[in-house]
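Visitor: I am new to this structure and would like to learn how to read it, feature by feature. Could you show it to me before we start?

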Amino acid sequence: LAGQKVLSNLAAGIMLLVYRPYAIGDHVTVCGKFGIVHDITLFDTRLDTTSNVRIRVPNSDIYGKTIENWTKHGLIRIEVPITTSASS
């Protein structure tokens, strides 16, 4: 069973390295985690979060799921809701 997880991570890592949905330095959200890609290996992807924490996400958890790449096109869009009140 442990060997199956290793092979699953390896296969997912190869697919991520081939298709490159993100690169080192990209701002991404994967598996509900937001961060800047620090490293991509055959077995995992390492992200640096905005809290200055490095997290390791197994590639088998990433591949086949939604990947949000916030910097793929060179811009980051930020929406700030603004409300105003009508005064008399």
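**Reading the model step by step**

Guide: Let us begin with charge: in this predicted model, the mean positions of the 9 positive and 7 negative charges of the protein chain are 4 Å apart.

Visitor: How many helices and strands does the protein chain have, and what pattern do they follow along the sequence?

Guide: The protein chain has two helices and five strands, and reading along the sequence gives the pattern α-β-β-β-β-α-β. The radius of gyration of the protein chain is 17 Å, well over the 12 Å that the globule rule gives for 88 residues, so the chain is more spread out than a compact globule. Taken along the principal axes, the box that the C-alpha atoms fill is roughly 70 × 25 × 25 Å.

Visitor: What share of the residues counts as buried, and what does the accessible surface come to?

Guide: Buried means under 20% relative accessible area, and 27% of the 88 residues of the protein chain count as buried. The accessible surface comes to about 6400 Å², with 59% of it belonging to carbon and sulfur atoms. As for contacts between residues at least 6 apart in sequence, 45% of them join residues at least 24 apart.

Visitor: Is Ser60 buried or exposed, and which side chains does its own side chain meet in polar contacts?

Guide: With a relative accessibility of 15%, Ser60 counts as buried because buried means under 20%, and its place is in helix H2, which covers residues 59-62. The side chain of Ser60 makes a polar contact of 3.3 Å with the side chain of Lys5, and another of 2.6 Å with the side chain of Asn9. Leaving aside neighbours within four places in sequence, the residues in contact with Ser60 are Lys5, Ser8, Asn9, Ala12 and Lys65.

Visitor: Where is Thr29 placed, and which side chain is joined to that of Thr29 by a polar contact?

Guide: Thr29 sits in strand S1, residues 27-30, and counts as buried at 17% relative accessibility. A polar contact of 2.9 Å joins its side chain to that of Trp70. If residues up to four places away in sequence are not counted, Thr29 touches Phe34, Thr66, Ile67, Glu68 and Trp70.

Visitor: Which residues is Ile76 in contact with, leaving aside its neighbours within four places in sequence?

Guide: Ile76 is in contact with His27, Trp70 and Thr71, and it is found in the segment after strand S5, residues 67-69. Although Ile76 and His27 are 49 residues apart along the chain, their C-alpha atoms are separated by 9.0 Å. Ile76 is partly exposed, with a relative accessible area of 46%.

Visitor: What is phi for Asn52, and where does Asn52 lie?

Guide: Asn52 is not a glycine, yet its phi is positive, at about 65 degrees. Asn52 lies in the loop between strand S3, residues 44-48, and strand S4, residues 54-58, and it is exposed, with a relative accessible area of 72%.

How values were computed:
Residues are numbered from 1 along each chain as its sequence is written. This is a predicted model: local features need pLDDT of at least 70, side-chain atom pairs count only at pLDDT 80 or more; totals for chains, interfaces and linings use all residues. Side-chain values use heavy atoms; hydrogens and water are left out. Helices (H or I, at least four residues) and strands (E, at least two) are DSSP runs, numbered from the N terminus. The radius of gyration is taken over C-alpha atoms; the globule rule is 2.2 Å times the number of residues to the power 0.38. Buried means under 20% relative accessible area, exposed over 50%, partly exposed in between (1.4 Å probe, protein chains only). Contact means heavy atoms within 4.5 Å. Accessible areas come from the Shrake-Rupley method with a 1.4 Å probe; for residues, only the protein chains shown count as cover. Lys and Arg count as positive and Asp and Glu as negative; His and the chain ends are not counted. The place of a charge is taken as NZ of Lys, CZ of Arg, CG of Asp or CD of Glu. A polar contact is a pair of N or O atoms within 3.5 Å; within protein, one must be able to donate a hydrogen and the other to accept it, and residues adjacent in sequence count only if both atoms are side-chain atoms.
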